Structures are given as structure tokens and as C-alpha cells.
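Here is a protein to get to know, one step at a time. Have a look at the sequence and the fold, and then we'll walk through some of the details together.

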Amino acid sequence: MSLNRNEKAAVVEEVSAQAGKSQTLVLAEYRGLTVAQTDALRKQAREKGVYLHVLKNTLARRAVAGTPFEAAEVQFVGPLIYGFSEDAVAAAKVVADFSKTNDKLVIKGGAYGGKALDANEVKALANVPSKEVLLAQLLGLLQTPISGLARVIAEVAKQKGGGAEAPAAEAAA
């Protein structure tokens, strides 16, 4: 179904707004996916906060003009699904995880930080832990020295407390 000029402008504006607030773009070829599979992919994307859209490549070029994703324009070839995410790894994770169970979805590339990524770099980005996991790991690292110090202080207090009780017990006898 073709869009008229106003509808195309609205699509470009919507995608451009999404690109403006996103950190990552992932491109994947979806040729051969059934409607049910595409719906499942879109559902997973929505759950992870990923904007997933099938676009004409010319509209996508217009939408990313002037954004850091412009670096990936040379990859806008063939039937592609575009995934934008504010989280640096969310789009890559969603597409990579879905492509593991579905060989019809083929990662073609993407962009992150103004740099075009090839398929292997997108897969590497997908293997980076999510922001929440990284924050939890950082919190664990920060807590380790503190909890260790607390254990040492408790052990010293226990030893001093145990050592003070022994002379008092001998004096009473």
C-alpha cells in the first residue's frame, strides 16, 4: 500500500523524532518472516522499549538525515526492519535474541554513537549486559569493600569482647 505525500511526511517526522532520542539503530532483513513471527518480534520490542518499524529505505534516509544514524545510510538496502532504542543495547538484544530462534531474521548492521556497525558488531553489542545489570554489578562492587570492612570490625569487636569476658570470669573465681 503506497502512502501519499502527507502520510510519508508524517512517517518521516515520527521516525526522525524517535531517532533524535535514541542511542542505537539496528537493521535487520525480515524477508520470509510470517505475520505471527513479526508480531512476536514487535511484542518483544515493545516490552524492551524498542521502536521497531518497517520502512521504505528512502523514507528512512530522510528520517535519519542530520542524526548520528546517518553513518549507517549505506546499509539501507533491501527489505529492512529498523529498530531504535534509547537504551544502548536494547535494540541489538531484541533483534539478536529473536534471530537466534528464527533464521529468517538476518541482522544487517546498525549504528551506535555516530559509527556504523556491521552485523558482528551489532551481535557484540547485544552481548553487553543491560543498563540494569551493569548498575547492579557496580553496586555489588561498591558494597564489597564496605561489607568486608563491616565483617572485620565485627570480628575485632567479637574478639575484644570475648577477651574481656575471660579475665573478668577468672577474677570472680
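Is Arg-31 buried or exposed? Arg-31 is exposed, since its relative accessible area is 53%. The cut-offs behind those words are simple: buried means under 20% relative accessible area, exposed means over 50%, and partly exposed is in between (1.4 Å probe, protein chains only).

Before going further, keep in mind that this is a predicted model, in which local features need pLDDT of at least 70 and side-chain atom pairs count only at pLDDT 80 or more, while totals for chains, interfaces and linings use all residues. Residues are numbered from 1 along each chain as its sequence is written, and side-chain values use heavy atoms, with hydrogens and water left out.

Back to Arg-31. Its side chain meets that of Glu-29 in a salt bridge, at 3.2 Å from N to O. That term stands for a side-chain nitrogen of Lys or Arg within 4 Å of a carboxyl oxygen of Asp or Glu. Lys-108 is partly exposed, with a relative accessible area of 37%.

The structure holds five salt bridges. Another of them joins Glu-121 and Lys-115, with the closest N and O atoms 3.1 Å apart. Glu-121 counts as partly exposed because its relative accessibility is 31%, and Lys-115 counts as partly exposed at 42%.

Ala-28 is buried, with a relative accessible area of 0%. How far apart in space are Ala-28 and Ile-107? Their C-alpha atoms are 4.2 Å apart, although 79 residues separate them in sequence.

Now for the rings. A search of the whole structure turns up three aromatic pairs. One of them is Tyr-51 with Phe-84, a tilted pair at 6.3 Å centre to centre and 45° between the planes. Tyr-51 belongs to strand E2 (residues 50-54) and Phe-84 to strand E3 (residues 80-85), so the pair ties together parts that are 33 residues apart in sequence. Both of these residues, Tyr-51 and Phe-84, are buried. The rings of Phe-76 and Tyr-82 have centres 5.2 Å apart and planes at 85°, so that pair is edge-to-face. Phe-76 and Tyr-82 are both buried as well. The rule for pairing is that rings of Phe, Tyr and Trp (its six-membered ring) have centres within 6.5 Å; planes under 30 degrees apart count as stacked, over 60 as edge-to-face and the rest as tilted. Ring pairs also link Tyr-51, Phe-69 and Phe-84 into a cluster.

Let's turn to helix H6 (residues 131-172), the place of Leu-138. Leu-138 counts as partly exposed because its relative accessibility is 44%. Together with Leu-135 and Leu-142, Leu-138 forms a nonpolar patch on the surface, with about 290 Å² of accessible area. Such a patch is made of residues with over 30% relative accessible area and no salt bridge, with like charges joined within 9 Å and nonpolar side chains (Val, Leu, Ile, Met, Phe, Trp, Tyr) within 5 Å. The areas come from the Shrake-Rupley method with a 1.4 Å probe, and for residues only the protein chains shown count as cover.

Gly-140 is also found in helix H6, and is partly exposed with a relative accessible area of 29%. From C-alpha to C-alpha, Gly-140 and Lys-43 are 32 Å apart in space and 97 residues apart in sequence. For another pair, look at Gln-37, in helix H2 (residues 35-47). The C-alpha atoms of Gln-37 and Lys-104 are separated by 9.7 Å, with the two residues 67 apart along the chain.

Methods
Helices (H or I, at least four residues) and strands (E, at least two) are DSSP runs, numbered from the N terminus.
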